[in-house]
Amino acid sequence: MSDDQRDQTPAEPAAQAAVPAGPQPEPIRFFGTTWVEHDGGYALRRVGLAIGSLATAISSALMLRFAYEGLEIGNVGPFLSISVVVLFAIASSIAFTKTWASFSRRPAPSSDEAALKGLKTIGFIGSLIAYFLRCLGEAPGEKLRRAEYERAQAEYARRRSTRTGNPAARRPKRKK
């Protein structure tokens, strides 16, 4: 074949990836879509994340203890020392509550989640503990996403089953 003939031959169509029809599951951080069928190392990931979040919470609590001891060495007074402990306790409980609730429902568009971001950062130990506890039972947010995914699949199946064929191939209705 000459160079002129090769240049004029149409290029082979690119192999297109098969895209499954219907709704696709939403990936979860650290789990991807393995939560759908509990495959691809799902159980190992859950155990690893549970251990990791617990270890991080424990090491963070130790760091906060060292910071508290620094306040004691600095002799700042009992009021400030107690205030710091109470602040971290309240912030951790609020962060735990908000993180735990975020696993079971989506925040409203006009919610105050952005305003609580700083408080959740201060109470990061509460968030880590909530993540640890949720990893013991399921992937964090799995129940919410599974309900949404199954609802979307049922809706898709309902819509697909009502179709009777190609509407363009139908005969036009007769006028009387």
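Is the crossing of H2 and H5 left-handed or right-handed? The crossing of these helices is left-handed. The model described here is predicted.

## H2 against H5

The axes of H2 and H5 cross at roughly 155 degrees and come within 8 Å. Because angles over 145 degrees count as roughly antiparallel, H2 is roughly antiparallel to H5.

On the H2 side, the contact is made by Arg-46, Leu-49, Ala-50, Ser-53, Leu-54, Thr-56, Ala-57, Ser-60, Ala-61 and Leu-64. H5 contributes Phe-124, Ile-125, Leu-128, Ile-129, Tyr-131, Phe-132, Cys-135, Leu-136 and Gly-137. By class, the residues in the contact of H2 with H5 are 14 nonpolar, 4 polar and 1 charged.

## Ser-53

Ser-53 lies in helix H2, which spans residues 42-73. Its relative accessible area is 6%, so Ser-53 is buried, the cut-off being under 20%.

Leaving aside residues up to four places away in sequence, Ser-53 touches Leu-128, Tyr-131 and Phe-132.

## H3 against H5

Helix H3 covers residues 78-102 and helix H5 residues 124-137. Their axes are 7 Å apart, and the two helices pack at an angle of about 40 degrees. That angle makes H3 oblique to H5. The crossing of H3 and H5 is right-handed.

From H3, the residues in contact are Ser-92, Ala-95, Phe-96, Thr-99 and Trp-100. They meet Ile-125, Gly-126, Ser-127, Ile-129, Ala-130, Leu-133 and Arg-134 in H5. Sorted by class, the contact of H3 with H5 has 7 nonpolar, 4 polar and 1 charged residues.

Definitions and conventions:
Residues are numbered from 1 along each chain as its sequence is written. This is a predicted model: local features need pLDDT of at least 70, side-chain atom pairs count only at pLDDT 80 or more; totals for chains, interfaces and linings use all residues. Side-chain values use heavy atoms; hydrogens and water are left out. Axes are lines fitted to C-alpha atoms, for helices over the stretch in contact, and angles run from 0 to 180 degrees between N-to-C directions. Helices (H or I, at least four residues) and strands (E, at least two) are DSSP runs, numbered from the N terminus. Angles under 35 degrees count as roughly parallel, over 145 as roughly antiparallel, 65 to 115 as roughly perpendicular and the rest as oblique. A crossing is left-handed if the near helix is turned anticlockwise from the far one by less than a right angle, and right-handed if clockwise. Contact means heavy atoms within 4.5 Å. Ala, Val, Leu, Ile, Met, Phe, Trp, Tyr, Cys and Pro count as nonpolar, Asp, Glu, Lys and Arg as charged, and the others, Gly among them, as polar. Buried means under 20% relative accessible area, exposed over 50%, partly exposed in between (1.4 Å probe, protein chains only).
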